[in-house]
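Let's walk through this model together, one feature at a time. Have the chain open and follow along.

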Amino acid sequence: ACAVENFGEQYGADDITRIMTPLPFYHVVGLLHHVSALVYNKTSCIGRGIKYVFLDMGALNPHMLNVVPMVLESFAKMLRNPRMNQSIQKYIGTNLKVISFAGAALKEPVLRCLLDQGFIMMVNYGMTEIPVATLAVIECEKHFRSAGKFTKNLQCRFDNGELVMKGPTMMKGYYRDTAEMQKVVEDGWIHTGDLGYMDEDGFIYFVQTSSSVGSSGIDDQRL
């Protein structure tokens, strides 16, 4: 319930009524987005998957799209292609206003291209163990490499550079794997393995991410 509540910032606008999330239901982000859309009385548009995302967008005509950066790289290429100017609505519809992404950092030229087109860009970071940990609208160049701001119901800190968190959205444990749980969780805090920092505006940046726990944006320029 708390994870769904965190998506209220994304789904609260009255003019955002059709939400498309071409991620599978077995993926924590895909499941949460679909459930959140229904909780906030929106239409959850279910396409055929990432492979057909642009054709499905044209047919389903969403106001908001929730995807991974790989899809947006292809989207930016389409927008830059002069031959697509007359037919772009065939692939994305006429309603699209908000794009939310997670899973990795979005390349700066891609982010800039989408902002220049007038789309509202939202980033969030999380993992299966503790989803929707950060969320924010990216509005200025200063925050292009950010992974968002911590959501209100989490306790978060950087311990020797490593992000550690706890809160009501945290997992109860790994199924039949107490030993692994003890490696990741200490005194109720989950150790993400992700190294980063917070700026003076409260935005989070990562300089290195774990290969085994979580999924997050990486600031490639600082590696």
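Q: Is Ile46 buried or exposed?

A: Exposed: Ile46 has a relative accessible area of 51%. The cut-offs are under 20% for buried, over 50% for exposed and partly exposed in between, with a 1.4 Å probe and protein chains only. Ile46 sits in the loop between β2 (43-45) and α4; helices (H or I, at least four residues) and strands (E, at least two) are DSSP runs numbered from the N terminus. Bear in mind that this is a predicted model, where local features need pLDDT of at least 70, side-chain atom pairs count only at pLDDT 80 or more, and totals for chains, interfaces and linings use all residues. Residues are numbered from 1 along each chain as its sequence is written, and side-chain values use heavy atoms, leaving out hydrogens and water.

Q: Which side of a helix faces inward, and which residues of α4 are buried?

A: An α-helix has 3.6 residues a turn, so residues three or four places apart point the same way. In α4 (residues 53-60), the buried ones are Val53, Phe54, Asp56 and Met57. They span an arc of only 160° around the axis (taken from the directions from the axis to the C-beta atoms), which puts them on the same side of α4.

Q: What do the buried residues of α4 pack against?

A: Their partners are β1 (18-20), β3 (64-67), α5 (69-80) and α6 (88-92), where contact means heavy atoms within 4.5 Å. Just after α4, Asn61 takes a positive phi of about 55°.

Q: How many residues does the largest nonpolar core have?

A: In soluble globular proteins, nonpolar side chains tend to be buried together. Here the largest core has 32 residues; a core is a set of buried Ala, Val, Leu, Ile, Met, Phe, Trp, Tyr and Cys residues joined through side-chain atoms within 4.5 Å. Leu72, Phe75, Ile99, Leu114, Phe119 and Met121 have the most contacts inside it. α5 gives the most to this core, six residues.

Q: What does Leu114 touch?

A: Leaving aside residues up to four places away in sequence, Leu114 touches Leu72, Phe75, Leu79, Ile99, Leu106, Phe119 and Met121. There is also a second, separate core of 16 residues, including Met127, Leu154, Met181 and Phe206.

Q: And Val67: where is it found?

A: Val67 lies in strand β3 and counts as buried at 3% relative accessibility. Beyond residues up to four places away in sequence, Val67 touches Pro22, Leu72, Ile99, Ser100, Phe101 and Ala102.
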